[in-house]
Amino acid sequence: MHKLRFFSGIALLAVSATACGLAAASPGRGVVVPAEPTMIDFVDPAAVAGLSTRTLTNDHYAGSRYVHISYPEFQNAPALNRALRAEAEREWRDFGGRTKGRAAYSRPELNVDWQLAAASPQAIAVRLRTGEFQGAGWAYSTRTYWFDRRSGKVAESAGLLDGEHALRQLAQLVRERLKGRGSQVEREEVAAEGGRFNSMAFNRGGDLVVEFDDCQIGPCSLGRLAVAIPAERVRPLLSEFGRRAQDSVREAAGRAPIRRPETAPTESPQAVSNGAGTVDCARAKCVALTFDDGPGPYTAKLLDILGKERARATFFVVGSNAAAQPGLVKRMSAEGHLVGNHTWDHKDLSKQATSRITDSLARTEDAVSTAIGQRPALARTPYGTMSQAVRDVATELGLALVDWDVDVEDLFADKAGDIADLAVRKAHPGAIILMHDIHRETVDAVPDILKRLRGKGYSFVTVPELYGSAGMQAGHLYRSGSELPGKRPLT
């Protein structure tokens, strides 16, 4: 098993559960959502003071598997932080056991993202959404952890209820609500045991939304099923903490204004570095430093370093992180760096249908455009994977695809010196160097990298500057500024 490493950052992903079938994609900014009782109003994590995230990943060092797990971390909630970390490690461990020796199909993948189902002075609720791909398609499950701020204790969703008797009564209510859903729904599978009630939260009216995993109480083709138990019927079943949590969600919903549709934004210009053109890479020795997976907790420090040394870089941001930290994205652009697209949630795009690829890239484009007023012109796919569908979507969205030809292997390096040594040793004119600004040791290595490479006569530019007047074409893949004569793309 690969060595595990944890990173920080902030993630935002709004996914809504529907009454039955697969969860619907979240609406666009400002879109009014119909009054669907199983819809959960997720809290914007950017508005929660002291929140950061941790990411467990093997990135492209995957061997036979891909893993990307993200979960939040909170100030003054150590029990919750421990529970979420333990769950992340369990997810990785169990996935490894299930997929061991089973790589005959396309590389299996585990992807875990998260949302806040509640964040108030009374309670925090973290909804972990796990996607698993093992060749036949994606299957999803959810698990919601609740934290009682008053007691400092954490519980799974069943902790909202007042004991086993209440859980049995809830199971009966859920079975009643499932009547009329069709013969495919196996209501007898809804029992007060076996983890059937491990993802529960409240909607804005205080109804208890009970979510089921794909394949849990019906055929996999139904996707996830969800049931809303009316607030007045579930109230007697709640524990003291459950009632406070219900009240806090209602109160937060009452304070939140109803969002109205916004006018569709005008198309933003392509993102460019405001320092482009100051170095002629046809004459100078140039390298492009690129940073993936942020913005994260070390991004601000990295920007400080780059600014002090007057070096430009290209940041391939994860859309959910960019949406939660627009200030850092804006700073990247304002300080002469280039912001690129690294998808919304870091799933392998080569396993995705065209519509999913488009959604992941377009949502990230929207997040970046909102932050800087420009849309990304470059994209890098998670794990560096590629397919014809990815190329086609990139062409449609006007995105040139960027790979790399120097990998500093920073996700598994314990020492900044080792990262710097590898970067300096592998660097060459026209190199596109892969790094990760979510990794503290990587950021610590950057001053040494800049000093040593500058001593060898290198200039630090954004990726398009490597190609000069030849430019970069949407849908084409670029790996190095010196890969082919004439600096043409690989494809």
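Author: Leaving out residues up to four places away in sequence, Ile433 touches Val287, Ala288, Leu289, Thr290, Val406, Val408 and Ala427, where a contact means heavy atoms within 4.5 Å. The model is a predicted one, in which local features need a pLDDT of at least 70 and side-chain atom pairs count only at pLDDT 80 or more, while totals for chains, interfaces and linings use all residues. Residues are numbered from 1 along each chain as its sequence is written, and side-chain values use heavy atoms, with hydrogens and water left out.

Ile433 and Phe315 touch the most other members of the largest nonpolar core, which has 58 residues. Such a core is a set of buried Ala, Val, Leu, Ile, Met, Phe, Trp, Tyr and Cys residues joined through side-chain atoms within 4.5 Å; buried means under 20% relative accessible area, exposed means over 50%, and partly exposed lies in between, for a 1.4 Å probe and protein chains only. Helix H11 (residues 440–455) gives the most to this core, contributing 6 residues; helices (H or I, at least four residues) and strands (E, at least two) are DSSP runs numbered from the N terminus.

Asp292 lies in strand S13 (residues 285–292), and its relative accessibility of 3% is the reason why it counts as buried. Beyond four places in sequence, Asp292 is in contact with Phe316, His342, Arg380, Leu434, Met435, His436, Asp437 and Ile438.

The 16 residues of H4 (residues 240–255) should span 22 Å at 1.5 Å a residue, and the end C-alpha atoms are 23 Å apart, which agrees; the expected span is 1.5 Å times one less than the number of residues.

Ser248 is also a contact of Ser120, as is Arg149, once neighbours within four places in sequence are set aside. Ser120 itself lies in the loop between S6 and S7 and, because its relative accessibility is 9%, counts as buried. Between Ser120 and Val48 the C-alpha distance is 9.1 Å, although 72 residues separate them in sequence.

S6 leads on to the strands beside it. Strand S6 (residues 109–119) pairs with S5 in the parallel sense over 4 bridges, two strands being paired if DSSP finds at least two bridges between them, and His68 has Asn111 in S6 as its bridge partner. Strand S4 (residues 51–57) pairs with S5 in the antiparallel sense over 7 bridges, with Leu56 bridged to Ile69 in S5. Of the 9 residues of S5 (residues 66–74), 8 are buried. Helix H1 packs its buried residues against S4, S5 and S6, as well as S7, S8 and strand S9 (153–156); among those residues are Leu80, Leu84, Trp92 and Phe95.

A further sheet is open and made of 3 antiparallel strands in the order S10-S11-S12. Strand S10 (200–202) and strand S12 (226–229) are at its edges with a single partner strand each, so one side of each has no neighbour in the sheet. From one strand to the next, the twist averages 25°. S12 is joined to strand S11 (residues 208–211) by 4 bridges, and Val227 in S12 stands opposite Val210. Across S10, S11 and S12 lies helix H2 (residues 163–177), running at about 115° to S12, where axes are lines fitted to C-alpha atoms, for helices over the stretch in contact, and angles run from 0 to 180 degrees between N-to-C directions.

The average pLDDT, the predictor's confidence in each residue from 0 to 100, is 86, and 86% of the residues score at least 70. Over residues 1–34, however, pLDDT stays under 50, and the model has 127 contacts for them beyond four places in sequence. Where pLDDT is low, predicted coordinates should not be read in detail.
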